[in-house]
Structures are given as structure tokens and as C-alpha cells.
Amino acid sequence: MGSNTVKMWATLAGVVLVAVGLLGFVPNPLVGSAQGALVPTDAVHNIVHLGTGILALAIAFAMTGKTQVDALLGFGILYVVILLAVLVSPTLFGLFSIPANAVLHLIHATLAIVSLGVWSMARNQTTNARI
Amino acid sequence: MQAGHELSLTAAALVLLIGGGLILLRAALDTRNATAQAVIGPAPTNVLSEPDVTTPSPVDLIQRFALWVTLGLSIGAATIHLAAGPEHVQELGGLGLGFYWAALFQLLLAVALLRRPGSRSLAWLGIGGNVALIGAWAWSRTMGLPGVVGGPEMIGVADGTTVLLQIALIALLAVRLGRFDTRFAATHSAASIRSLTTAGLVAGLSIVALSTTIAIADVSAGQHVEDASGDAGGHAPGQHTLDDGTTH
């Protein structure tokens, strides 16, 4: 299972993050608030989502086996750092015009916890498979 | 726009929560099945247990990890220096060119380390150069640069981030010089070193990229503030006046 589950989670995380990053750059037609221009600092936030989304997709599709599992650990650690940084400073030291809200913290926490959880179980399975 | 962004974030949170929960559940069930199978019979065929075609030694793995993170740190710091260059040349004139020299040094150091990763003299040069840059920064933040009126500058996000990147860079170069990599490899298993270096590369390089992005955005935001305050005839934070009375 290990590699399959790791790939599945990395793909889901990557697709969601890339989608969120791209949506941040364009007016959302669903709500119809096309008149508001994006504040420049918000672009940083979108770039972070896009970048980490591409990273997750790279883990899903450009890596295999144990490397993929270990890379997911790195991804989880990255999101722990992001979660803590944004918790400490919701505007990321004044760079975001809109402070991070509970939903954003939830996204960061989910990405960190699930990544570390999937890594932990995939790693354990590696150990079991070698018994 | 903000409402649209909130909506997309909420949708993303829901997808990640539900999807992540299901994937974790599946992973837990699979792990339990695999454990049971390992007890009652031969280990199942698993991609993870396949041997690698090439297996570099633990010391090689640590050195490769250190090299790539060092390159990332040096290029990250150079990029921030480059981004801050125009603003400082405008403010400080010739003194501001130091930012371009710092960027050039750090970029050349990265290229040289890539070509000669084992060179101890390059490591010493990297440590010396970056210590000097941190020293100049510390001087500007405590006593103020010579020839510049206005006293010490405040520590900001961009310069603070750059100094942190440089400290990490110095630490990694020192690790190489102190042969800590060899000592670490001797006391840890090859498997754990491989896991640590792979995860460390992903997390380390991503954090460097993220920090660099934040710092460049801060520099850019500072330039916008200065442009705006310049139009209004005001002085932005960090703006300097040279000894000849010229305000830049």
C-alpha cells in the first residue's frame, strides 16, 4: 500500500493547493466580486500555495518507493513550519494584507498532520515488509 | 474577491480534511493488514522493499544534502541582495553597490561549490565572506553606516531573513570543515540517514525558497512605500540622508 497511499495523498494535496493558488489570482465567478483587485501581498500567499502544490505533485509523480515516502516527511515538516509561522504571525510579518483565518490554519494543520501520518504508516509498512 | 478567496479556502479545507481522513484511514488499515501478513507469512511484494539500483554511502548522502542546501542558501541570499540593490543604490549611492557585490559573491560561491564540492578552501572562503557580510549588516544595525546620517537602521523582515540564511550557510560549511558528516554517518544507520537527507532536502530547500520569497516581497513592499511617501514629500522608514545633506 505504502507508495500508493503516499502518491494518493500527495496528488490530492498538490491538486488542491495548485487550485487554491490559481483561484487566488483570478476573480471568482461564483461569487461575482470581480471588481476587487488583488492586493500585491496576497500574490505571495498564492505563490506559496502554488509552489507547495507543485512540490506535492512532484512527490506524487516524479518520485517512487522509499524516496517518495521520505519526501512526504519533508513536505509534512515544511507544513509544520508554515503552520507555526502563520500561527505566530497571521499576516506573516505584515506581508499578507488579509490575516490568516481559522480555515487557513485548518488547511495548514491538515496538510502537516496527514502528511506526517501517512509517512509514519508507510514507513512502518516498509519495516514490516522487511521482517 | 476576498469572499471568493474565502470560499475557495473553505472548499480546499473540506477536500483536504475529508480526503486526508480517508487516506489516513486507508493507510492505517493497510498497515494493520501488512503487519498481520508479516507475522503469518512471507513479506508481501512491496515497491518500498525493492533495492535501489545505486546506493551511495551514508557520507555521500550527507554531503550531497549539505551541498544542495548550501547552494540553495547561497542563491537565496544572493537573490535577496539583488532585489534590495536598486533601493539601496538609490538611497546610498555608491555604498549601495555593496548589495550587488554581495549578490555576485554568493552566486559565484554557489557555482564554485557546485564545481568543487569537496574544496576546503572554498568552504573557508564562503564562511569568511558571509561572516564579513553579517558583520557589515550588524554594523549598520547597531552604529549606522559611515557617511550616512540617520543612525542605525531598524531590523526588518528582508535583512533578518537574509542573515538567517547566511548563518545557516556558514553552519553547513562549518559542518563540512569539522567533518561532522563523517562522525554522524558512523553513528547512524544508512536507512535513517537516507530518510533524513531526503526529507531534509525537501523541507530545507522549500523553507529556503519560501523565506526568499517572503524577503523579496518585503523588499518590494518597502519600495512601494518609499515611492508613495516620496510622492507625498515624506520619509519612509529606513530612508537615509548622506553627510552632504542630500536626501535620497
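1. In this predicted model, helix 2 (residues 58-92) and helix 6 (residues 180-187) of chain B pack with axes 9 Å apart, at an angle of about 135°. Axes here are lines fitted to C-alpha atoms over the stretch in contact, and angles run from 0 to 180 degrees between N-to-C directions. Helix 2 of chain B is therefore oblique to helix 6 of chain B (under 35 degrees is roughly parallel, over 145 roughly antiparallel, 65 to 115 roughly perpendicular, the rest oblique).

2. Who meets whom? From helix 2 of chain B come B:Pro58, B:Val59, B:Ile62, B:Gln63 and B:Ala66, and from helix 6 of chain B come B:Asp181, B:Thr182, B:Phe184 and B:Ala185. By class, this contact has six nonpolar, two polar and one charged residues.

3. A friendly word on confidence: chain B has a mean pLDDT (the predictor's per-residue confidence, from 0 to 100) of 78, with 75% of its residues at 70 or more. Helix 3 (residues 98-115) of chain B is highest at 93, while strand 2 (residues 241-242) of chain B is lowest at a mean of 42. Helices are DSSP runs of H or I with at least four residues, and strands are E runs of at least two.

4. Where pLDDT is low, predicted coordinates should not be read in detail.

5. For the complex, the predictor gives an ipTM of 0.75 and a pTM of 0.74.

6. Residues are numbered from 1 along each chain as written, chains are lettered from A and ligands numbered from 1 in the order written. Local features need pLDDT of at least 70 and side-chain atom pairs 80 or more, whereas totals for chains, interfaces and linings use all residues.

Definitions and conventions
Contact = placed C-beta atoms within 7 Å. Nonpolar A, V, L, I, M, F, W, Y, C, P; charged D, E, K, R; others polar.
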